Structures are given as C-alpha cells and as structure tokens.
Amino acid sequence: MANPNIVSVTKIYGNTTYIVASASATTWTALTPAANYVNKVDYIVAANVTSSAATITVSINSAVSGGGTAYRIAYQISVPPNASVILVDKTTAFYVGEAQSVVVTGGTASAIELTASYENITDT
C-alpha cells in the first residue's frame, strides 16, 4: 500500500512506547504503523540502567519485521553508566512507513531501556 498523504491528514494520534534492548537485533513493533498510516518518530531516548557503559544501535529497515536492509540511525553509541542519551529529537525526526521497521540492538542485554514518542498519522 502507499503512504498516506500527510498534507490532507484526518487523524494524528500521539503515542509513547518503550523497549528494553537485547543483545540481538529486536524489531520495535510498536513503531511499525498499520496499513494506511505512517509514524513520525519525534524522539528516542536510550537510558543505561547499569553501572557500566553499554552500546546501542538503532536502524530503520527497508522491510517489516526487521527484514530488508538496515540503515543505521545510531550505530554503537556508547551510553555512560546510569545515564541517558538522546538518539533522535525533533531536529532529526523520521517517518516509518507500513513497509518498514525499526530495529534495536544492545551491546549488553537488558542494559539499555529505550523510550520513543511518535505520531501515528492517517488520511483516511
């Protein structure tokens, strides 16, 4: 299906979602929009909840369920212990279409908790 025409938007829903990064690539399913919707990701914050530095990688993939080619938004960013890093904000927001997905990979399992705020947009 085609992306909705965001010039003639009929509905915008604000959402916040969370995920704990594992050491293997994990699809952030909440950021994949339903048919006839597009998600505008406004921010992603990575919080390291351990006492050691940990890395995080976030990519937008060219297919659903983590398939296709991974295009990294953040690649092996080191998050200091007991600290947070803003990976995406309003100046670097991006859109996720229904045929794409967002994937996160932590360098250490369960060390990084991610929070995202996004707008779910449709023209239907």
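Two strands count as paired if DSSP finds at least two bridges between them. Keep that in mind for the exercises below, and remember that this is a predicted model.

**Exercise 1.** Work out in what order the four strands of the open sheet line up, and which strands stand at its edges.

*Solution.* Start with the order: the open sheet runs 2-8-4-5, with antiparallel pairing. Now look at the two ends of that list. Strand 2 (26-27) and strand 5 (70-79) each have a single partner strand, so one side of each has no neighbour in the sheet. Those two are the edge strands.

**Exercise 2.** Zoom in on strand 4 and strand 5: find how many bridges join them, and which residue of strand 5 Asn61 faces.

*Solution.* Strand 4 covers residues 54-61. Follow it alongside strand 5 and you'll count seven bridges, in the antiparallel sense. Then go to Asn61: across from it, in strand 5, sits Ala70.

**Exercise 3.** Find the partners of Asp42 in salt bridges, and decide whether Asp42 is buried or exposed.

*Solution.* Take Lys40 to begin with: its salt bridge with Asp42 has the closest N and O atoms 3.9 Å apart. Next comes Lys90, whose side chain meets that of Asp42 at 3.8 Å, N to O. This second pair links distant parts of the chain, 48 residues apart: Asp42 is in strand 3 (residues 37-48), while Lys90 is in the loop between strand 6 (84-88) and strand 7 (94-96).

Now for accessibility. Buried means under 20% relative accessible area, so Asp42, at 5%, counts as buried.

**Exercise 4.** Trace which residues are linked in a network of salt bridges.

*Solution.* Pick up at Lys90 and look for Glu119: their side chains form a salt bridge too, at 4.0 Å, N to O. Glu119 lies in strand 9 (residues 112-122) and Lys90 in the loop between strand 6 and strand 7, so this pair ties together parts 29 residues apart in sequence. The structure holds three salt bridges.

Terms used
Residues numbered from 1 in each chain as written. Predicted model: local features only at pLDDT ≥ 70, side-chain atom pairs only at ≥ 80, totals over all residues. Heavy atoms only, no water. Buried < 20%, exposed > 50% of the residue type's maximum accessible area, 1.4 Å probe, protein only.
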